[in-house]
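Thanks for making the time. I will walk through one model this morning, from its core out to its sheet and then to a few single residues.

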Amino acid sequence: MEDESAEADGAASVVSLPQAPDAIELRHLRAFVAVADELNFGRAAARLYLSQPALSRQIRALERLVGCDLLRRSTHRVELTIAGEALLDRARTLLRDVDEAVSATRSVGGELLARIARHWESFAEVSPADLQELRVAYEGLHGQFEAPPHIAVRSVNAGGVPGLLLTPPAEERTALLFLHGGGHVAGSAFGYRPLAGALADAAGTGVVVPDYRLAPEHPFPASVQDAVRAYRWMLDRGATRIIVAGDSSGCGLVLSLLLYLRQQGLRQQGLRQQGLKQQDLPMPAGAVLFCPWVDLQPAGRDRPPHELDDIRDAAAGLYLAGHPAGDPLLSPLTADLTGLPPLLIQAATGDPLLDEARRLADHAADCGVDARFELFSVDTHDFHIFWSFLPEAAQALRQAGQFARDISLAAQAG
């Protein structure tokens, strides 16, 4: 009867073992889960920023402590043993619970918010009138972080637009165009290496980051023209199923690019004047928008004032340089978005621009666009740039990477 009862409880197939010793560490379990996910020691080591010998030592230590083999290794393959399969789901659950507990504790204690505030501090204190100081401060904000060490970075000339190409190990495919933020007046491909590199890692593809021209030296539409040139360059190099991504004001540029591409069939004369080929440009397969800033209108904000409002308003004025903010290429909250590809929109609960993200998602859906909205419990704008220490940002990048993979596969199947 005892055996029948155990089987009914789903426990008969699990052999009871003595309690594992206290020497098992979370790093052992993280190493095991990474190898089990990748079934490749090289990729798992890169994912954990470890050398392969160090990763192997951690796996061996775990196997000694639990008293059985968890992985079956051969020259060309890595497989889970039955014991490894039994441990995998439980280890994932344990690690997830620990991460959530630590994240909740840090959030309550204010540690992460305080760290984010320190990162923003030097930038937020700059006068909007001092453009050069603002640019230096913005580069300094991003300069506090490093790109993932296994991401290769090299310079490219993307159709006449200088920029950087960031690629994961052994990845030759380039299918992601990233348009950086900075209020249209600041930011650079060099400064955005950390975030673009993390996105390349999450999506498993090369990422092109063009150094598009900035206002006020080059107001609208210079940056849109540069984005089109970089996009065309990717197509000319054989890229297919391209995903376009951006953060903050870069999201506005992403949407301007998409709307321009949709209209390009009606603007052949304009393309000829710019010296571009007379051929249709296919629409990207999808777009990823991190904390979008897409409303260039300074008036009518239905929210409390924010410390970055003065900088944002000044930057918008420099970018527009007298051009109407209601131009459909600049106003995705009111423009007809019909025909745009699937959008992934990610926002933070404490972002002063959260309402813009919600309105954009709702408006896109009303226009028949597949718009997915993801909200993360973070009290800052553009939280993705803090991916190296903020769990929610790291999770958001993982989900964005998966979205890019899924869209690419769906487009390929179609």
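**The core and the sheet**

The largest nonpolar core has 108 residues, and the members that touch the most others are Leu177, Phe178, Leu337 and Phe383. A nonpolar core here is a set of buried Ala, Val, Leu, Ile, Met, Phe, Trp, Tyr and Cys residues joined through side-chain atoms within 4.5 Å. Buried means under 20% relative accessible area, exposed means over 50%, and partly exposed is in between, with a 1.4 Å probe and protein chains only. Helix α10, residues 249–263, gives this core its largest share, nine residues. Helices (H or I, at least four residues) and strands (E, at least two) are DSSP runs, numbered from the N terminus. Another core, of 20 residues, lies apart from that one, and its members include Phe41, Leu70, Leu71 and Leu95.

Before going on, the ground rules. This is a predicted model, where local features need pLDDT of at least 70 and side-chain atom pairs count only at pLDDT 80 or more, while totals for chains, interfaces and linings use all residues. Residues are numbered from 1 along each chain as its sequence is written, and side-chain values use heavy atoms, with hydrogens and water left out.

On confidence: pLDDT is the predictor's confidence in each residue, from 0 to 100. The protein chain averages 85, and 83% of the residues score at least 70. Over residues 1–17 pLDDT stays under 50, and the model has four contacts for that stretch beyond four places in sequence. Contact means heavy atoms within 4.5 Å.

Now the sheet. It is open, has eight strands with mixed pairing, and runs in the order β3-β4-β6-β5-β7-β8-β9-β10. Which strands stand at the edges? They are β3 (152–158) and β10 (371–376); each has a single partner strand, so one side of each is left without a neighbour in the sheet. Neighbouring strands are turned by 20° against each other on average, direction ignored. For angles, axes are lines fitted to C-alpha atoms, for helices over the stretch in contact, and the values run from 0 to 180 degrees between N-to-C directions.

Two strands pair if DSSP finds at least two bridges between them. Take β7, residues 243–247, and β8, residues 286–290: they pair in the parallel sense over five bridges. Along that pair, isoleucine 243 has glycine 286 as its bridge partner, alanine 245 stands opposite valine 288, and aspartate 247 stands opposite phenylalanine 290. β5 and β7 also run parallel, joined by four bridges, and leucine 179 has glycine 246 in β7 as its bridge partner. β8 pairs with β9 in the parallel sense over four bridges, with leucine 343 in β9 as the partner of alanine 287.

Are these strands buried or exposed? In β7, Ile243, Ala245 and Asp247 on one side and Val244 and Gly246 on the other are all buried. In β8, Gly286, Val288 and Phe290 point one way, Ala287 and Leu289 point the other way, and all are buried.

α8, residues 193–203, lies across β3, β4, β5, β6, β7 and β8, at about 45° to β4. α10 lies across β5, β7, β8 and β9, at about 150° to β7.

**Single residues**

Threonine 174 lies in strand β5, residues 174–179. Its relative accessible area is 12%, so threonine 174 counts as buried. Leaving aside neighbours within four places in sequence, threonine 174 is in contact with Leu165, Thr205, Gly206, Val207, Val208, Met234 and Ala239.

Phenylalanine 383, with residues up to four places away not counted, touches Cys291, Ala347, Ala348, Phe376, Val378, Leu390, Glu392, Ala393 and Ala396. One of those, glutamate 392, lies in helix α14, residues 391–413. Glutamate 392 is buried, at 15% relative accessible area. Glutamate 392 and glutamate 100 are 292 residues apart in sequence, yet 9.8 Å apart in space, C-alpha to C-alpha.
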